Amino acid sequence: MALVKTSKIWMDGTMVDWDDAKIHVCAHVVHYGSSVFEGMRCYKTPEGAAVFRLEPHVRRLYDSAKIYRMDIPHSQAAFNEAALETVRVNKLDECYIRPVVYRGYSELGVNPFPNPVNAFIAVWKWGKYLGAEALENGVDVCVSSWNRIGPNTLPALSKCGANYMNSQLIKMEALKNGYSEGIALDVAGYVSEGSGENLFIVRNGDLITPPLGASVLPGITRDCVITLAADLGMRVVEQVIPREMLYIADEVFFTGSAAEITPIRSIDKIQIGQGKRGPVTQKLQERFFGILDCEVEDTHNWLTFVYKKTAAR
C-alpha cells in the first residue's frame, strides 16, 4: 500500500512540513540501525477519533529505548500528547501513528553514545495490513526458513529497527513463494511469531500462544486478546508450540496493531480448520471491534480520544 503523505510530522517538539522532515545521511541510525519505534492506530469511532492503547504503546517505546541505553529527552506524558497533537494537526479522524526514536548525527562508529537521541512522530492513512477481506476469509502463510533471533543476541523484547531486518527476510521469502506472510520459529525450533505479528492457535477450545521467551515481542494487541479471552471465559495458555501443532490446530490467527486480529486459513498449504475464520477468532474479533465501534463498553480504558468527548454516550 502506497504511503500517502500528510501535512505535518512532529520532530523533537516541533511540527515540520512532511517534505521537510529529514535526517542527515550520516546519522547513526542510517549506518547502524539504531532506532526503536512503535505502530499504533487511531480509529474513527461514533464518539470521535480515538487512539487505541496509546499509553502502553508509548511505555513499550520507552522500554525499548531503555534496553538500548537511549535516553529519550521527552517525558512519556509529553510523548503521549505529541502523538495526539500530530493527529489533530493533520486533521485526521483515523490513521496509523508511527513514533520513532533514533540516534542522530554527530559521530560514526559502533559506539553510539556521542550521538544525540532524536524522535519524530508521523501519521498517515493506512488500511487493513493483510487486506480487508483477510479479516473474514483469512490468509495463506508459510513457516519461514529464517529463524527468529536467539536469546542474548538482539533483545526481542525491544521493538528495534535492526530487528526488522530479520522480519524483512521472513516477509520477502513468504511473498516470493506466493504467501501473504511467514511464521518464524525460534532457535529451538518452536513457533515464535510472524514477521510483524504475534500468533495464537485454538485447540479444543483453549487459546494457546508462545511465551515471551520464544523470541516474541510483547505485543499490545496480543495482550488485548489475552484480556478479551479472559472476559469471555476462555482458557489462555502461554506455552512452547511445536511446529506441527500449527497444522492440527482448530484455528490460528495473527494479532498486531497493523494486522489487528487476522485469521490464518492455511499454513504450508495445509488447511487450518475449515479453511476460513473460525468461531473463536470471530468471537474475539467481534469483541475487539465492538470496543472500537463503541458498541461494547470500554471497561479497560483502551481508547484515548483525540478530542475530549463532549457528552457521555
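1. Strand 8 and strand 9 run parallel and are joined by three bridges. In this pairing, valine 141 stands opposite glutamate 181 of strand 9. The chain passes from strand 8 through helix 5 to strand 9, and this β-α-β crossover is right-handed. The model is a predicted one, and the points below should be read accordingly.

2. Just after helix 5, glycine 178 adopts a positive phi of about 90°.

3. Which residues of helix 5 are buried? They are Asn166, Ser167, Ile170, Lys171 and Ala174. Viewed down the axis of helix 5, these buried residues fall within an arc of 130°, and therefore line one face of the helix. An α-helix has 3.6 residues a turn, so residues three or four places apart point the same way. On the other side of helix 5, Met165 and Lys176 are exposed. The cover over the buried residues of helix 5 includes strand 8 (139-143) and strand 9 (181-185).

4. Five of its five residues are buried, so strand 9 is largely enclosed by the rest of the structure. Glu181, Ile183 and Leu185 point one way from the strand, while Gly182 and Ala184 point the other way. In a regular strand the side chains alternate between the two faces of the sheet.

5. Leucine 185 has valine 191 of strand 10 as its bridge partner. The hairpin formed by strand 9 and strand 10 has five residues between the strands, and glycine 189 in this hairpin takes a positive phi near 90°.

6. Helix 2 (residues 54-67) passes the corresponding length check: 14 residues at 1.5 Å a residue should span 20 Å, and its end C-alpha atoms are 20 Å apart. Its buried residues are Leu54, His57, Val58, Arg60, Leu61, Tyr62, Ser64 and Ala65. Just after helix 2, arginine 69 takes a positive phi of about 55°.

7. Tyrosine 43 is located in strand 4 (residues 40-45). Is this residue buried or exposed? Its relative accessible area is 11%, and tyrosine 43 is therefore buried, the cut-off being under 20%. Leaving aside residues up to four places away in sequence, tyrosine 43 touches Gly48, Ala49, Ala50, Phe52, Asp93, Glu94, Glu260, Phe288 and Leu292. For one of these contacts, aspartate 93, the C-alpha atom is separated from that of tyrosine 43 by 6.9 Å, although the two residues are 50 residues apart along the chain.

8. Finally, the cysteines. How many disulfides does a search of the whole structure find? The search finds zero. Cysteine 160 has 2% relative accessibility and so counts as buried, whereas cysteine 26, at 27% relative accessibility, counts as partly exposed.

Key:
Residues numbered from 1 in each chain as written. Predicted model: local features only at pLDDT ≥ 70, side-chain atom pairs only at ≥ 80, totals over all residues. Heavy atoms only, no water. Buried < 20%, exposed > 50% of the residue type's maximum accessible area, 1.4 Å probe, protein only. Helix = DSSP H or I, 4+ residues; strand = E, 2+ residues; numbered from the N terminus. Arc of directions from axis to C-beta. Contact = heavy atoms within 4.5 Å. Pairing = 2+ DSSP bridges. Right-handed = clockwise from strand over helix to strand, strands pointing away. Expected span 1.5 Å × (residues − 1). Disulfide = S-S within 2.5 Å.
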